[in-house]
Amino acid sequence: MSDNGRRYAPKDATPHSQNSREFKLNLSEDQLNHTDELEDLQGYAGSRAPQRVEESSAGARSARAERNQKKEAKEHKKRNRVKARKNKRIFAFTWLAMVILVSLTLASYLIGGSNDFLGVDRTDSEVEVTIPENVTQEQLTDILYKSHAIDKPEFFSLFCKFTTEMEYFEPGTYTIKTNYDYKQLVNTLQSGPDLGEEITVMFREGITVQQLAALLEENGLHTADEILEACNSSDYDSYSDVAAITNTSDRYYKLEGYLFPDTYQFFENDTVESILDRFLNNFENKLTDEMRDDIAKSGYTTDQIITLASIIQAEAADTKDMYKVSAVLHNRLESGAEHDIYTLDCDSTVYYPYKTANDAPEGFVSSYSTYDNNGLPAGPICNPGLDAIMAAIYPSTSDDCRNAYYFCHDSNGKAYYASTMDDHLMNMAEAGLL
């Protein structure tokens with residue numbers, strides 16, 4: 001039958017699945033006849049297909065590798081975050097522990113300082129402290145800490161720095177309670193020491209250091225040994241006359257001659273330093289500027305004048321006699337060599353620092369003896385009064401002693417003066433000394 005010129009392509013007898021796809025190539029017969037082009041097309045398809053597969057496989061691997069790297073990086077970040085959180089907790093705990101520890105330590109320190117400030121927790125007892133003159137903040141703190149009057153020196157030092165005037169502390173020895181608060185301590189030390197009862201002691205002219213020390217001990221003012229030790233110390237070199245002494249090692253007592261004899265009022269709790277200061281201050285006040293000027297003009301030092309005055313004090317019978325005895329001693333010192341006289345030959349120097357042979361140890365020989373040594377002894381033999389010092393500075397110029405080189409006294413104190421040894425021997429016989 002005619003189909004009106006239409007051709008029908010034969011149907012494939014093989015059944016197809018509904019889900020399968022059909023590939024149709026609509027070519028004319030002319031196109032089918034061009035086998036070369038078909039071969040080229042097949043060749044092209046055959047040669048490119050494996051390359052695309054390989055490219056596809058390599059890309060997949062690269063993608064997987066990239067995904068794995070991202071995954072690992074993500075896991076690493078996750079682990080780091082976990083570790084960071086853990087470290088943060090550890091750090092926070094450590095920091096908190098440190099803060100608590102420091103806070104507790106600081107709190108304990110501040111509480112301890114506060115308790116010390118208030119005198120809390122200190123034992124209820126008494127201690128004795130000695131405050132020196134012109135005490136500094138550091139010295140005061142150290143003294144109180146070592147005596148257990150305070151336990152926290154840094155707190156007391158800070159308290160003094162902001163609340164206390166150091167110049168108002170009174171030197172002396174104090175008895176204080178160890179449970180005083182800081183304010184009580186400062187008030188006590190600035191009010192002055194408890195000096196106790198007043199004691200009046202009279203020291204006669206010509207008293208020696210040994211006798212002076214014994215008299216102070218008798219009146220309850222320290223022991224004689226304490227006084228004697230202080231008299232040989234360098235604690236009093238602030239006094240110009242004492243500082244001028246250059247032969248300390250040759251002396252029995254450095255302060256001999258400078259402890260001015262007078263009547264003094266002491267207190268039973270006075271220190272050794274305060275007691276001796278009164279003698280030395282009195283000495284300095286007694287020597288006027290005019291006297292010092294005249295000493296300088298005489299050619300003698302102050303120490304030589306005091307040494308001479310001490311011998312005059314021990315040898316003269318009375319004040320008038322002091323000036324004449326001074327004239328004799330000056331003559332011997334200044335022109336005695338012209339008469340073959342080289343020593344002063346004064347009995348009062350033979351046993352110094354003792355008064356008599358009975359006081360001195362057996363066989364004692366004094367280095368001060370003016371029979372054995374030329375000129376003046378190494379230092380004063382006693383503490384002269386003002387009259388003896390004046391006589392040493394201003395010897396008599398009367399006719400009976402202007403050229404005298406010898407003197408003696410009878411048992412009643414009558415004085416005899418002579419210019420020659422023969423006259424002196426006659427005087428001694430008359431005085432009943434031969």
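This is a predicted model: local features need pLDDT of at least 70, side-chain atom pairs count only at pLDDT 80 or more; totals for chains, interfaces and linings use all residues.
The structure contains 14 aromatic pairs. In one of them, phenylalanine 156 and tyrosine 182 adopt an edge-to-face arrangement, with 5.1 Å centre to centre and 85° between the planes. Phenylalanine 156 belongs to helix H4 (residues 153-163) and tyrosine 182 to helix H5 (residues 182-190), so the pair ties together parts that are 26 residues apart in sequence. Phenylalanine 156 and tyrosine 182 are both buried.

A tilted pair is formed by tyrosine 264 and phenylalanine 279, for which the values are 4.5 Å centre to centre and 50° between the planes. Because tyrosine 264 lies in strand S4 (residues 263-267) and phenylalanine 279 in helix H9 (residues 272-286), this pair ties together parts that are 15 residues apart in sequence. Tyrosine 264 is buried, as is phenylalanine 279.

Ring pairs also join Tyr252, Tyr352, Tyr354, Phe364 and Tyr368 into a cluster. An aromatic ring takes part in a further arrangement with a charged group: the charged end of arginine 332 sits over the ring of tyrosine 406, at 4.8 Å from the ring centre.

Two packed helices are described by the angle between their axes and the distance between the axes. For helix H10 (residues 289-298) and helix H13 (residues 386-393), the axes come within 10 Å and cross at roughly 35°. On the H10 side, Met291, Asp294 and Ile295 meet Leu386, Ile389, Met390 and Ile393 of H13. The residues of this contact comprise 6 nonpolar, no polar and 1 charged.

Conventions. Residues are numbered from 1 along each chain as its sequence is written. Side-chain values use heavy atoms; hydrogens and water are left out. Rings of Phe, Tyr and Trp (its six-membered ring) pair if their centres lie within 6.5 Å; planes under 30 degrees apart count as stacked, over 60 as edge-to-face and the rest as tilted. Helices (H or I, at least four residues) and strands (E, at least two) are DSSP runs, numbered from the N terminus. Buried means under 20% relative accessible area, exposed over 50%, partly exposed in between (1.4 Å probe, protein chains only). A charge sits over a ring if NZ of Lys or CZ of Arg is within 6 Å of the ring centre and within 35 degrees of the ring normal. Axes are lines fitted to C-alpha atoms, for helices over the stretch in contact, and angles run from 0 to 180 degrees between N-to-C directions. Contact means heavy atoms within 4.5 Å. Ala, Val, Leu, Ile, Met, Phe, Trp, Tyr, Cys and Pro count as nonpolar, Asp, Glu, Lys and Arg as charged, and the others, Gly among them, as polar.
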